[in-house]
Amino acid sequence: METVSRAGVQEEGAGSPGLSAPPAASAVPGMPPEARRTVDGYLMAAFPWYGLDDAFTGPRWLLEVGASADGTVEHGATGHGDEPSLRSEVDAEARERQRFAVVVTVAGRPLRDSADGTGLLEATSASSAAWLAGSGLLSCTWPSKMERALRQDWLDQQTALAWELADDLDGPGWSQLSLPVDGVPATFHYRESEYGWVLAGSAGDGVHVGAYGRGMSAYGLGFSVIKDISSYG
């Protein structure tokens with residue numbers, strides 16, 4: 001996957017269920033926002049963005065959007081609460097105290113030709129949202145006490161596991177959780193791990209919604225369309 005800097009847009013390579021094969025772990029969408037992203041990429045999307053509903057009154061911030069090779073925005077994420085950080089000056093205990101929830105929005109896409117015309121891209125689904133949410137959680141979870149030489153191996157292994165889990169939402173690794181989306185109850189696939197939680201489902205307007213977080217319970221969350229994306233940041 002190639003990351004580009006224009007308007008905070010991340011260009012998709014071969015990467016996730018309904019998007020492509022697993023991307024390099026260090027470039028997964030949803031990586032911690034060490035630098036604020038601009039709103040420009042979000043404004044280029046032809047689909048609505050989702051975030052936590054008005055019951056959440058804490059900080060809101062942007063991550064980045066992912067686009068296909070032709071520049072079409074395919075997905076993105078919005079953050080709520082503390083911004084997770086992997087910087088060395090943030091110690092392990094401080095990371096454990098971070099409370100955040102990140103909401104991933106994925107455009108609903110049918111089976112389609114790839115931008116370069118050399119193959120087909122699978123239709124996007126809740127599995128696409130689950131993959132992006134799972135890889136996003138991993139991107140802010142690197143074990144700081146692990147030797148640097150082993151961290152990438154650990155992340156590659158965990159990313160492969162997140163891929164397998166996302167591809168089997170009806171498997172034993174997931175339970176079901178009902179949460180409101182624009183005030184209407186919706187069923188999500190949900191799982192917890194020692195690193196946090198991940199959930200994924202589909203919204204009524206044709207987009208797929210995923211989320212991941214730590215320190216904030218998923219059970220009390222609600223999602224809604226973001227009326228003004230520029231209010232994030």
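## A walk through a predicted fold

Arginine 214 counts as buried, because its relative accessibility is 11% and buried means under 20%. Keep in mind that the model you are looking at is predicted. You can find arginine 214 in strand β11, which covers residues 208–214. A polar atom of the arginine 214 side chain lies 3.4 Å from the backbone oxygen of cysteine 140.

**Strand β4 and its neighbours**

Next, look at strand β4, residues 73–81. Nine of its nine residues are buried, so the strand is largely enclosed by the rest of the structure. Which strands pair with β4? One is β3 (residues 60–67), joined to β4 in the antiparallel sense over six bridges. Another is β5 (residues 100–106), which runs antiparallel to β4 and is joined to it by seven bridges. Histidine 75 in β4 is a handy landmark: glycine 66 stands opposite this histidine, and in β5 its bridge partner is valine 106. The hairpin of β3 and β4 has five residues between the strands, and in this hairpin glycine 71 takes a positive phi near 90 degrees.

Now turn to helix α4, residues 148–166. The buried residues of α4 include Arg151, Trp154, Leu155 and Gln158. Seen down the helix axis, the buried residues of α4 fall within an arc of 135 degrees, so they line one face. Here is a general idea that helps: an α-helix has 3.6 residues a turn, so residues three or four places apart point the same way. What covers the buried residues of α4? Helix α3 (126–139) and strand β9 (184–193) are among the elements that do. The face turned away from the buried side carries the exposed residues Ala149, Asp153, Gln157 and Glu164.

**Aromatic rings**

The count of aromatic pairs in this model comes to seven. In one of them, tryptophan 131 and tryptophan 163 sit edge-to-face, with 5.6 Å from centre to centre and 80 degrees between the planes. This pair links distant parts of the chain, as tryptophan 131 belongs to helix α3 and tryptophan 163 to helix α4, 32 residues apart. Elsewhere, ring pairs link Tyr42, Phe47 and Trp49 into a cluster.

**Tyrosine 50 and aspartate 182**

Tyrosine 50 lies in strand β2, residues 50–52. The C-alpha atom of tyrosine 50 is separated by 4.5 Å from that of valine 225, although these two residues are 175 residues apart along the chain. The tyrosine 50 side chain also makes a polar contact with the side chain of aspartate 182, at 3.5 Å. Aspartate 182 lies in the loop between β8 (175–181) and β9. In general, most residues other than glycine have a negative phi.

The table gathers the accessibility of some residues from this tour.

| Residue | Relative accessible area | Class |
|---|---|---|
| Tryptophan 131 | 1% | buried |
| Tyrosine 50 | 2% | buried |
| Tryptophan 163 | 21% | partly exposed |
| Aspartate 182 | 41% | partly exposed |

Terms used
Residues numbered from 1 in each chain as written. Predicted model: local features only at pLDDT ≥ 70, side-chain atom pairs only at ≥ 80, totals over all residues. Heavy atoms only, no water. Buried < 20%, exposed > 50% of the residue type's maximum accessible area, 1.4 Å probe, protein only. Helix = DSSP H or I, 4+ residues; strand = E, 2+ residues; numbered from the N terminus. Pairing = 2+ DSSP bridges. Polar contact = N/O pair within 3.5 Å; in protein donor to acceptor, adjacent residues only side chain to side chain. Arc of directions from axis to C-beta. Contact = heavy atoms within 4.5 Å. Phe/Tyr/Trp six-rings, centres within 6.5 Å; stacked < 30°, edge-to-face > 60°.
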